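Visitor: Could you walk me through this one while I look at it? I would like to hear where things sit and what touches what.

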Amino acid sequence: MAETWDELQLIADGFERVYVELEWYSGPRAGLADVGGQPHYFQGYDWDDADEADEYSVWPASDVAVELEREQWAIFVRWNERQGAGTVGPETRPGQSGIDDRYDELALLLAPYRQAPDDAQRLMGEVRFDAGVRYRVEGPDYWFRWRPGR
């Protein structure tokens, strides 16, 4: 298991909160996190190359996008809690067309925001985990510290 950190220590060490996880594959690949204190999308560059796994395209997220992303994330987290409690099965996971109408509607509304613009920053992201629950409404259990890309 990965080492965990206290939230105050994470902040003191320059780590910033992650609000939404959009993709995970051997580490965070896409989502919404603070960069310089403001919400930004992040998307991994070379997903097939472990040496590049910490390099990301990063671009600002509008207030509208942040609100919609957090709403969709909350739908997923509530489902994950029910699934973890055994009251629903994996076949009810939102994001499979027709399972949750609002989740599907949000996916359509959010698609344009999730595309990296040509002027996206290229940053390196270092990840640390806190001691909280893996998925929660305020965000997943990991934080980023950003530095300029290569």
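Visitor: Where does Ser-26 lie?
Guide: Ser-26 lies in the loop between β2 (16–24) and β3 (28–35), where strands are DSSP runs of E of at least two residues, helices are runs of H or I of at least four, and both are numbered from the N terminus. Please keep in mind that this is a predicted model, in which local features need pLDDT of at least 70 and side-chain atom pairs count only at pLDDT 80 or more, while totals for chains, interfaces and linings use all residues. Residues are numbered from 1 along each chain as its sequence is written, and side-chain values use heavy atoms, with hydrogens and water left out.

Visitor: And is Ser-26 buried or exposed?
Guide: Ser-26 counts as exposed, because its relative accessibility is 68%; buried means under 20% relative accessible area, exposed over 50%, and partly exposed in between, with a 1.4 Å probe and protein chains only.

Visitor: What about phi of Ser-26?
Guide: Phi of Ser-26 is near 60°, a positive value in a residue other than glycine. For background, most residues other than glycine have a negative phi.

Visitor: OK, zooming out, how many helices and strands does the protein chain have?
Guide: The protein chain has three helices and seven strands, and along the sequence they follow the pattern β-α-β-β-β-β-α-α-β-β. The radius of gyration is 15 Å, close to the 15 Å that the globule rule gives for 150 residues, so the chain is as compact as a globular protein of that length; the radius is taken over C-alpha atoms, and the rule is 2.2 Å times the number of residues to the power 0.38.

Visitor: How much of the chain counts as buried?
Guide: Of the 150 residues, 41% count as buried.

Visitor: Then which residues have the most contacts inside the largest nonpolar core?
Guide: Those are Leu-32, Tyr-41, Trp-73 and Phe-76, in a core of 19 residues. A nonpolar core is a set of buried Ala, Val, Leu, Ile, Met, Phe, Trp, Tyr and Cys residues joined through side-chain atoms within 4.5 Å. β2, α2 (63–84) and α3 (101–110) each supply at least two residues of this core, and α2 gives the most, with eight residues. Apart from it lies another core, of 11 residues, among them Phe-42, Tyr-56, Val-58 and Tyr-142.

Visitor: What does Trp-73 touch?
Guide: Not counting residues up to four places away in sequence, Trp-73 touches Tyr-19, Val-20, Glu-21, Tyr-135, Arg-136, Val-137, Gly-139 and Pro-140, where contact means heavy atoms within 4.5 Å.

Visitor: Changing topic, how many aromatic pairs are there?
Guide: The count comes to 15 aromatic pairs, given that rings of Phe, Tyr and Trp (its six-membered ring) pair if their centres lie within 6.5 Å, with planes under 30 degrees apart counting as stacked, over 60 as edge-to-face and the rest as tilted. The rings of Phe-129 and Tyr-142 have their centres 6.1 Å apart and their planes at 65°, so this pair is edge-to-face. It links distant parts of the chain, since Phe-129 is in strand β6 (residues 121–130) and Tyr-142 in strand β7 (residues 142–148), 13 residues apart.

Visitor: Which ring pairs link up into a cluster?
Guide: Ring pairs link Trp-24, Phe-42, Tyr-56, Phe-129, Tyr-142, Phe-144 and Trp-146 into a cluster. Phe-129 and Tyr-142 are both buried, and so is Phe-144.

Visitor: What sits over the ring of Trp-5?
Guide: The charged end of Arg-128 sits there, 3.8 Å from the ring centre, and Arg-134 lies over the face of Trp-24, at 4.6 Å from the ring centre. The rule asks for NZ of Lys or CZ of Arg within 6 Å of the ring centre and within 35 degrees of the ring normal.

Visitor: Last one: what is Val-35 in contact with?
Guide: Leaving aside neighbours within four places in sequence, Val-35 is in contact with Glu-16, His-40, Val-58, Leu-123 and Trp-146. Val-35 is in strand β3 and is buried, with a relative accessible area of 11%.
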